[in-house]
Amino acid sequence: MIDQKTTVRVLVASLVVNMFLIGGILGYVFTGPDRPGGPPAPLMMAQDMAETLPAEDARILLESFGRLKDDLDSKWRMLRRSPDAFRAILKKSPFDETAAWDAWREFGDNSNTAHREFGRVLIESATRMSDEGRKRLAEFEPRKPPR
């Protein structure tokens, strides 16, 4: 049986993940390709988060994201291609409604996969962090994407 303390931690972690997803990841999706030579957006966000954390918690977070860099990068690339595929279908004449729905579903699937993986790494990291680190993580505000 899950005790109340665990339930509260899971709910707080869920809230943190949702804030990141809405405020950060989706914002990056619609701003164009990642910066050449730089890390993929999830790793940029992890680096931004780490800058706000106590040193040991920052190490835990960056180590966790670093171990999964290739996997996260792959999922991020799939997510980044989805809006372009959908836009291409919208531009075609005659319009193919079935293809549009398929592309939209694929975008949703890719988005869910990328967000789930990001959340998994974040939550696994949070389980090893100090109370202060988790507090700062909960207060983290992602940088606004360039316009």
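Let us start with Asp84, which counts as partly exposed at 48% relative accessibility. Its side chain meets that of Arg87 in a salt bridge, with 2.9 Å from N to O. Arg87 counts as partly exposed too, at 38% relative accessibility. Both residues belong to helix 4 (residues 69-91), where they sit 3 residues apart, about one turn of the helix.

## The whole chain

Now a step back. This is a predicted model, and its protein chain holds 6 helices and 0 strands. Of the 147 residues, 37% count as buried. The accessible surface comes to about 9,200 Å², and carbon and sulfur atoms account for 57% of that area.

How much of the contact count comes from residues 24 or more positions apart? Among contacts with a separation of 6 or more, such pairs make up 77%.

The model has 11 salt bridges. Some of them share partners, and in this way Glu56, Arg59, Glu63, Arg67 and Arg128 are joined into one network.

Arg67 forms a salt bridge with Glu63, and their closest N and O atoms are 3.4 Å apart. Because these two residues are 4 apart in helix 3 (residues 55-67), about one helical turn separates them. Arg67 is exposed, with a relative accessible area of 54%, whereas Glu63 is partly exposed at 36%.

Glu63 also meets Arg128 in a salt bridge, at 3.6 Å from N to O. Arg128 is partly exposed, with a relative accessible area of 40%.

## Covered places

Which helix is mostly covered, with 9 of its 10 residues buried? That is helix 2 (residues 41-50). Its buried residues include Leu43, Met44, Met45 and Asp48.

Phe118, in helix 5 (residues 97-126), counts as buried because its relative accessibility is 1%, under the 20% cut-off.

## How confident is the model?

The mean pLDDT of the chain is 78, and 76% of the residues reach 70 or more. Confidence is highest in helix 6 (residues 131-139), with a mean of 94, and lowest in helix 1 (residues 4-29), with a mean of 62. Over residues 29-39 pLDDT stays under 50, and for this stretch the model has 22 contacts beyond four places in sequence.

Notes:
Residues are numbered from 1 along each chain as its sequence is written. This is a predicted model: local features need pLDDT of at least 70, side-chain atom pairs count only at pLDDT 80 or more; totals for chains, interfaces and linings use all residues. Side-chain values use heavy atoms; hydrogens and water are left out. Buried means under 20% relative accessible area, exposed over 50%, partly exposed in between (1.4 Å probe, protein chains only). Contact means heavy atoms within 4.5 Å. Accessible areas come from the Shrake-Rupley method with a 1.4 Å probe; for residues, only the protein chains shown count as cover. pLDDT is the predictor's confidence in each residue, from 0 to 100. A salt bridge is a side-chain nitrogen of Lys or Arg within 4 Å of a carboxyl oxygen of Asp or Glu.
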